[in-house]
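This report describes a sheet, its packing and a few individual residues. The sequence and the structure come first.

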Amino acid sequence: MIKEIKGQITAGKAGYAIVVSRFNEFITSKLLAGAIDSLTRHGAGDEQISVVWVPGACEIIPAAKKLAQSGKYAAVLCLGAVIRGQTGHYDYVCQQVVRGIGQINYESKTPAIFGVLTCETLEQALDRAGAKMGNAGAEAALTAMEMANVMEQI
Ligand code: INI
């Protein structure tokens, strides 16, 4: 018989850490609200959720790494918004964040969930922060719960 593992999307009793950047806070606060709403709708109590604010997307990495390595959380959600046009180093910030969060996933048993918007315009970011295209924070929370459940079963 084939053993098949599928993650339930329920918060369970686990702890969830959310790292959120202040840069573009108008957007990231909406991602955070979406993530908390999704976790609580799926059964998480306030005591299961820890929020850590950092200055910008680049600083998500060290905070998320420490939280993941602490072993206290079932998943670490990384929320940020990198928007082109505000800086010439958009591409470098994106590269660093993608690579950094990926590295955490290689090195830690705790999944680090990528909820960082990388957009050309503020409008695109707004669309993904609760307007036309859903809320990337809420989606990151669904992924976090599913992965927490999958990892528990493996
Ligand atoms: N940080 C962001 O979170 N979003 C951005 O759009 C952004 N831009 O465009 O520059 C950004 N830069 C700051 C960066 O994340 C670091 O905080 C900074 O370089 C200090 O290390």
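The text below goes through the sheet, the helix on it, and then selected residues.

This is a predicted model, in which local features need pLDDT of at least 70, side-chain atom pairs count only at pLDDT 80 or more, and totals for chains, interfaces and linings use all residues. Residues are numbered from 1 along each chain as its sequence is written, and side-chain values use heavy atoms, with hydrogens and water left out.

**Sheet**

An open sheet is formed by four strands in the order 2-1-3-4, with parallel pairing. Strands (E, at least two residues) and helices (H or I, at least four) are DSSP runs numbered from the N terminus, and two strands pair if DSSP finds at least two bridges between them. Strand 2 (49–54) and strand 4 (112–119) each have a single partner strand and stand at the edges, so one side of each lacks a neighbour in the sheet. On average, and ignoring direction, neighbouring strands are turned by 15 degrees against each other; axes are lines fitted to C-alpha atoms, for helices over the stretch in contact, and angles run from 0 to 180 degrees between N-to-C directions.

Strand 1 (residues 16–21) runs parallel to strand 2 and is joined to strand 2 by six bridges. Within this pairing, valine 20 has tryptophan 53 of strand 2 as its bridge partner. Helix 3 (residues 90–107) packs on the sheet and touches strand 3 (75–83) and strand 4, and its direction makes about 170 degrees with that of strand 4. Contact here means heavy atoms within 4.5 Å.

Strands 3 and 4 are also parallel, joined by eight bridges. Isoleucine 83 stands opposite cysteine 119 in strand 4. Six of the eight residues of strand 4 are buried, so the strand is mostly covered; buried means under 20% relative accessible area, exposed over 50%, and partly exposed in between (1.4 Å probe, protein chains only).

**Selected residues**

| Residue | Relative accessibility | Class |
|---|---|---|
| Isoleucine 5 | 30% | partly exposed |
| Asparagine 149 | 16% | buried |
| Asparagine 24 | 17% | buried |

Isoleucine 5 is in the segment before strand 1. Asparagine 149 belongs to helix 5 (residues 136–153). Leaving aside residues up to four places away in sequence, asparagine 149 touches Lys6, Gly7, Gln8 and Thr10. Asparagine 24 lies in the loop between strand 1 and helix 1 (25–41). Although asparagine 24 is not a glycine, its phi is positive, about 60 degrees.
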